[in-house]
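Here is a short report on one protein model.

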Amino acid sequence: EGERTPDLPGATASLVGMTLASTTRENLARAAVEGMLGGLAAGVRALRDRGVPVRRAILIGGGARSEAVRLIAPEILGVPVIVPEPLEHVALGAARQAVHALG
């Protein structure tokens, strides 16, 4: 929960291929990060499916503070990942979209 693209409020998850040897804390933590990034990767695919070129991803918000997310994101998203300094990025993005929409 918490991700917005794609909007799948009823989504569920599965852990597949678990064994006593592979079910470590580290592997479960990585699976959680990969699952969250998988939702973002679906958003990247949706953009590409509509002909939008995706050359990079910019991570902002709480997840961007996680070293694990920053390290795994390029692998899952398939593009270079940038993590800018914390700012009000959502508000700035909305303002930029408004300026663009108004011409």
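## Fold and overall form

The protein has 3 helices and 2 strands. Helices (H or I, at least four residues) and strands (E, at least two) are DSSP runs, numbered from the N terminus. Read from the N terminus, the order is α-β-α-β-α.

This is a predicted model, in which local features need pLDDT of at least 70 and side-chain atom pairs count only at pLDDT 80 or more, while totals for chains, interfaces and linings use all residues. Residues are numbered from 1 along each chain as its sequence is written, and side-chain values use heavy atoms, with hydrogens and water left out.

The radius of gyration is 16 Å, whereas a compact globule of 103 residues would have one near 13 Å. The radius is taken over C-alpha atoms, and the globule rule is 2.2 Å times the number of residues to the power 0.38. Along the principal axes, the C-alpha atoms fill a box of roughly 60 × 30 × 25 Å.

Of the 103 residues, 15% count as buried. Buried means under 20% relative accessible area, exposed over 50%, and partly exposed in between (1.4 Å probe, protein chains only).

## The helices

| Helix | Residues | End-to-end C-alpha span | Expected span at 1.5 Å a residue |
|---|---|---|---|
| α3 (residues 89-102) | 14 residues | 20 Å | 20 Å |

The expected span is 1.5 Å times one less than the number of residues in the helix.

Helix α1 has these buried residues: Val-33, Leu-37, Gly-39, Ala-41, Gly-43 and Val-44. Their cover includes α2 (67-77). Leu-40 also lies in α1 (residues 25-49). Leu-40 and Ala-73 are 33 residues apart in sequence, and their C-alpha atoms are 9.2 Å apart in space. After α1 comes Gly-51, with a positive phi near 85°.

Why does α3 lie largely in the open? Of its 14 residues, the number buried is 0, so α3 lies largely in the open. Just after α3, Gly-103 has a positive phi of about 85°.

Terms used
Contact means heavy atoms within 4.5 Å.
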